[in-house]
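Work through the exercises below with the model open. Try each task before you read its solution.

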Amino acid sequence: NDRLVESLRTTAGEFHAVCFAKAAGGPAKPEDWNDQLFHTLGKIMGKMHKLTRTYEPKASAVRHDWEAVLRQDLQTSEAWLSDKFKALLDYFSALPQDRDRYGLIHDDIHRGNFFVTDDSLTLFDFDDCKYSWFAEDIAVALFYAIPPDGEETKRCETAQIFYESFLNGYETVLSAPAGLGEWLPYFLKLRELQVYAAIQKSGLDENKLTGWAGSFMKERKPKLVNDVPYLNGDQWF
């Protein structure tokens, strides 16, 4: 029907078939995962955050904001988890929302959401876009760049390597947002809670999870209950 989006009504509900042009390249290979890629990824995020400072959407096209997302997360069957979300909601509610630190963000940058070629990187999957602090976008990229489990010193080393190269790339376009170092641990904790809640809501048997999800869920509940920082070496932020 010459449409980029086709809506389909079925007995199971309404679905939307969407047409995309495939990005060049493919997923990052182990040898691609290096300082240069981290730098490029940071530069791309810096460009997006610079553009959103002056972006004015049409009234009908405004995305949801951080609070709407967080209040949806609050709807969890585990009371203790809801309390953790509420504490973060209170913390974020007090943060300034000036244009140098707050705007439209991607909110889901990880190695599954971009393709690489020999000399370029194409970011996609903007489904989770929302209005929030630029620090959250940076924290999400950092969150997915480090192993979710394992020896803490190694995790911190990996995090620092990624963070420094990423931020160097970001700052070729835009200065790091004020408050970044102070806020990062809170946004890391937010993503940790969100991923845990999503897995819980999925109904999957966490004892049968493998790969990244299996590693993430290992001892995750007691870590969250006891407020263990997602990254204990965050003093270098």
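This is a predicted model: local features need pLDDT of at least 70, side-chain atom pairs count only at pLDDT 80 or more; totals for chains, interfaces and linings use all residues.

Residues are numbered from 1 along each chain as its sequence is written, and side-chain values use heavy atoms, without hydrogens and water.

**Exercise 1.** State how many helices and strands the protein has, and their order.

Solution. Count DSSP runs: H or I of at least four residues for helices, E of at least two for strands. The protein has eight helices and six strands. From the N terminus, the order is β-β-α-α-α-β-β-β-β-α-α-α-α-α.

**Exercise 2.** Compare the radius of gyration with that of a compact globule.

Solution. Take the radius over C-alpha atoms; the globule rule is 2.2 Å times the number of residues to the power 0.38. For 237 residues the rule gives a value near 18 Å; the protein has 19 Å, so the two agree.

**Exercise 3.** Locate the salt bridge between R191 and D107, and say whether each partner is buried or exposed.

Solution. A salt bridge needs a side-chain nitrogen of Lys or Arg within 4 Å of a carboxyl oxygen of Asp or Glu. Here the closest N and O atoms are 2.9 Å apart. R191 sits in helix α6 (residues 180-202) and D107 in the loop between β3 (102-105) and β4 (114-116), so the pair ties together parts 84 residues apart in sequence. Next, apply the accessibility classes: buried is under 20% relative accessible area, exposed over 50%, partly exposed in between (1.4 Å probe, protein chains only). R191 is buried at 7%. D107 is buried at 5%.
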